[in-house]
Amino acid sequence: MKLEELRGKLAYQGLLLGGVALLTSVALAFASRATEADIKAAEAADLKQSLAQVLPGEYENDLLKDTVTLAGKEGDVLVYRGRRAGKVEAVVYRVIGHGYAGNIVCVMGVSREGKILGVRVIAHKETPGLGDKIEPAKAKWIFDFDGKYLGDPVAEKWAVKKDGGVFDQFAGATITPRGVVNAVKGGLEFFAGNKAQLLDETGGAQ
Amino acid sequence: MNEKYAHITREGLWSNNVVFAQMLALCPTLAVTSTATNGLGMGLATTAVLLLSNVIISSVRHLVSPEVRIPVYIVLIATLVTLVDMSLNAWAHELYKVLGLFIALIVVNCAILGRAEAFASKNGMADSALDGLMMGLGFTAALVVIGGVREIFGSATLFANAHLLLGPAFSFLEMTIVPDYKGFLLMILPPGGFMVVGLLLAAKRVSDQRRAARAQLAAAEVAVN
């Protein structure tokens, strides 16, 4: 058969490999273009949803548009601000904890008094069944932060129980909750250190 | 013809099971089977990819030179997985958030390349589709059993968080077997996976041997009579 002869030729094999690579790249490029907008929209919806979880209540502005970028300990921090009557009532930003298997990305909402409104983990690679209890879908642990601030508990108690603090660790996973607690504490310190800019009151008579 | 389909089905589900007979795909198997739900998610995603890759590879099998077949298959499989990954991310985002972790892992699942090489490159499209489906279901069953055993001993639950994967209608699957269980970490960590796979493998061998011995005995009796 002709095809069989052809298949043995080096040129055919090279062309075949090239052709397959070309076809698959074209397919991927088209798929990437076709899905890009939907993926962005889905991720923006996710972000909005997670912002709403850590910022309960209504704000008059679009959080995604009222932002300020400040230098934090781990690079620039993008802060979303929620306002009522023109005044910044709450801010949301990302903090990064160091877990057992890489970074744990959290968002936290803080009220203008410096109290935590909520913390949510948005991305992590912790051990399924052990470290993933930081997800609200799997355990209630992450809600322990609600209402806490620097002072309740006092600074040295901002740690997991194993380290002499007040926050529970999980059976078999201490590194994960320790990473989250430290990240949240760092987030509150960031709030305390940048309060004026965060609340958009730098120019005011204070 | 029917006999052939029955043979393919039996091979995929039991006698040539991806995990328990071919001993392929152990890396994803050990990595994701800490719960039965995770095993189910990985199994279903793999089944979909296996079915599609077998059909595609079977349809181009006459065009591909044997000398370059491996890179061609790998490129095709990787493309397929990426397409599935992107379309789930765009159009089934909720499902993607649960399965996302598993989908990228499918590229490195040697069972898929193994079936392309051993079956789809030598057989027609219908046979290959059935083979992909049955191998996938056999893989899914193996993962669910391993995950179930590890979950029961490791955290005394079964199908925990199934509603995240299958929707709220399936939350009835979720069971807590021993309330207030302290957890048995070894079972959840990878070493527990090795142990459970080993023990289940031994159990399957014993059952196969017993069945073969019984069949032999029956055959001998028939011969004597």
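Predicted model: local features only at pLDDT ≥ 70, side-chain atom pairs only at ≥ 80, totals over all residues.
Two residues are in contact here if their C-beta atoms, placed from the backbone, lie within 7 Å.

**Where chain A meets chain B**

Select both chains and look at the contact between them, which takes 25 residues from chain A and 29 residues from chain B. On the side of chain A that touches chain B, helices α1 (2-8) and α2 (10-54) each supply at least two residues, and the largest share, 15 residues, comes from α2(A). If you colour that side of chain A by class, you will find 15 nonpolar, 7 polar and 3 charged residues.

Now select the strands of chain A, where 5 strands form an open sheet in the order β1-β2-β3-β4-β5 with antiparallel pairing. At its edges lie β1 (67-72) and β5 of chain A, each of which pairs on one side only. As you turn the view, note that neighbouring strands of this sheet are turned by 30 degrees against each other on average, direction ignored.

Helix α2(A) lies across β2 (75-84), β3, β4 and β5 of chain A, and runs at about 150 degrees to β5(A). Helix α3 (residues 175-193) of chain A also packs on the sheet, where it touches β1, β2, β3, β4 and β5 of chain A, and its direction makes about 145 degrees with that of β3(A).

Zoom in on strand β4 (residues 102-111) of chain A, which pairs with strand β3 (residues 87-99) of chain A in the antiparallel sense over 10 bridges. These two strands, β3(A) and β4(A), form a hairpin with 2 residues between them. On the other pairing of β4(A), 6 bridges join this strand to strand β5 (residues 116-123) of chain A, again antiparallel. The hairpin of β4(A) and β5(A) has 4 residues between the strands, and in it A:Gly114 takes a positive phi near 95 degrees.

**The nonpolar cores**

Bring chain B back to see the largest nonpolar core, in which B:Val18, B:Ala45, B:Phe139 and B:Ala142 touch the most other members among its 51 residues. Elements of both chains each supply at least two residues of this core, namely α2 of chain A together with α3 (36-59), α4 (69-91), α5 (93-106), α6 (110-120), α7 (125-155) and α10 (190-224) of chain B. Of these, α7(B) gives the most, with 10 residues.

Centre the view on B:Ala142, which touches B:Asn17, B:Val18, B:Val19 and B:Phe20, not counting residues up to four places away in sequence. To finish, select A:Leu55, A:Val119, A:Val181 and A:Phe190, which are included in a second, separate core of 34 residues.

Notes:
Residues numbered from 1 in each chain as written. Chains lettered and ligands numbered in written order. Pairing = 2+ DSSP bridges. Nonpolar A, V, L, I, M, F, W, Y, C, P; charged D, E, K, R; others polar. Axes fitted to C-alpha atoms, helices over the stretch in contact; angles between N-to-C directions. Core = buried A, V, L, I, M, F, W, Y, C linked by C-beta atoms within 7 Å. Buried ≥ 20, exposed ≤ 12 C-beta atoms within 10 Å, placed from the backbone.
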